[in-house]
Amino acid sequence: MNIPMLLQHPHRDFLKVLLRTLFRRYHFILPSSTHLRSGIPRAQPFSSLGLHPAKWMLPSNGLTRKLCLQTTLKEQTEGLSNKEQRLVAELYTGLIQGQRACLAEAITLIESAHSRKKELAQVLLQKVLVHHREQEKLNKGKPLAFRVGLSGPPGAGKSTFIEYFGKMLTERGHKLSVLAVDPSSCTSGGSLLGDKTRMTELSRDMNAYIRPSPTRGTLGGVTRTTNEAILLCEGGGYDIILIETVGVGQSEFAVADMVDMFVLLLPPAGGDELQGIKRGIIEMADLVAITKSDGDLVVPARRIQAEYVSALKLLRRRSGVWRPKDGVFSSVTSRES
């Protein structure tokens with residue numbers, strides 16, 4: 001693997017692990033003046049590799065922007081009672097100190113549909129944004145975290161892959177946050193939130209935080225507060241954010257606009273070449289990986305990979321410097337190619 005520009009990127013080690021894990025036999029180079037996910041109007045390119053930060057990242061507009069943010073935060077804080085101000089202050093302090101309980105409570109707060117709690121959540125998010133801005137300045141303008149969206153149809157092996165891949169990241173010294181989205185029932189409104197049960201080893205790792213959340217009727221594969229949860233995780237000191245969507249179809253790719261890299265996981269025998277050239281989630285993916293390449297499924301996985309290699313060549317390129325990669329792997333046998 002030889003990507004010269006990654007040598008200057010703060011998350012080069014993570015990118016190397018991800019790309020080597022899935023696509024070890026590929027060799028490609030990214031120029032410094034371009035970025036992976038070009039064409040997204042809300043994104044701004046990084047100074048080195050060109051991967052875009054989240055859409056809520058504050059631009060550098062000088063003192064005017066800073067004073068405006070401080071004024072808004074002050075006005076919102078004055079509208080809270082003393083008890084509410086203490087609650088927000090405790091959550092904020094614990095969050096930036098890396099306390100997992102405070103992070104969990106903060107995400108619960110922003111997910112609440114209660115009108116008053118929504119106001120508390122906005123104040124907390126504003127305080128975290130100010131802290132995020134300060135930390136970014138101390139980091140010489142470099143991004144504080146790298147975000148990866150993982151999507152695919154039901155049963156593609158997303159949770160099993162995160163278990164295997166997440167352990168690799170934490171063993172290399174990264175702090176990993178996993179935001180797993182689970183579908184809500186259209187009849188009862190409830191959600192199983194069972195993705196964490198497939199991550200038994202990772203859930204016991206103190207360098208990893210796993211948060212399952214229900215969709216509550218939100219379409220696109222994510223929740224209505226996924227962006228805010230990403231911000232809180234970055235405020236808590238996590239430098240790698242993995243967003244696992246619900247089992248999706250061809251037109252659900254909202255997570256692609258929230259992350260720096262969008263990975264599509266597909267099971268073997270997932271259709272033919274015609275399935276691959278259909279517009280939708282396929283053309284949004286930066287990496288396409290065929291999962292479960294072990295046992296009797298090795299041959300079907302190879303066949304699907306060959307069909308998607310041909311199909312991806314027919315899709316219009318979204319970037320002038322990046323062509324989506326493909327590969328096969330197994331999370332059970334740790335086999336990749």
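Predicted model: local features only at pLDDT ≥ 70, side-chain atom pairs only at ≥ 80, totals over all residues.
Residues are numbered from 1 along each chain as its sequence is written. Local features need pLDDT of at least 70 and side-chain atom pairs 80 or more, while totals for chains, interfaces and linings use all residues, and side-chain values use heavy atoms, with hydrogens and water left out.

**Stop one: the largest pocket.** Select Ser 159, Asp 182, Asp 195, Arg 198 and Glu 244, the closest to the pocket's centre among its 19 lining residues. On a 1 Å grid over the protein atoms alone, a pocket is an open set of points with protein on both sides within 12 Å along at least five of seven lines; a cavity is a set where a 1.4 Å probe fits but cannot get out; lining residues have an atom within 4 Å of a point. Now colour β4 (240–247): with four residues, β4 gives the most to the lining.

**Stop two: α6.** Select 158–171. Eleven of the 14 residues are buried (under 20% relative accessible area, 1.4 Å probe, protein chains only), including Phe 161, Ile 162 and Tyr 164. After the helix comes Gly 173, with a positive phi near 90°.

**Stop three: the second largest cavity.** Its volume is about 70 Å³.

Conventions:
Helix = DSSP H or I, 4+ residues; strand = E, 2+ residues; numbered from the N terminus. Buried < 20%, exposed > 50% of the residue type's maximum accessible area, 1.4 Å probe, protein only. Points joined across faces, edges and corners; volume = space filled by probe spheres on them.
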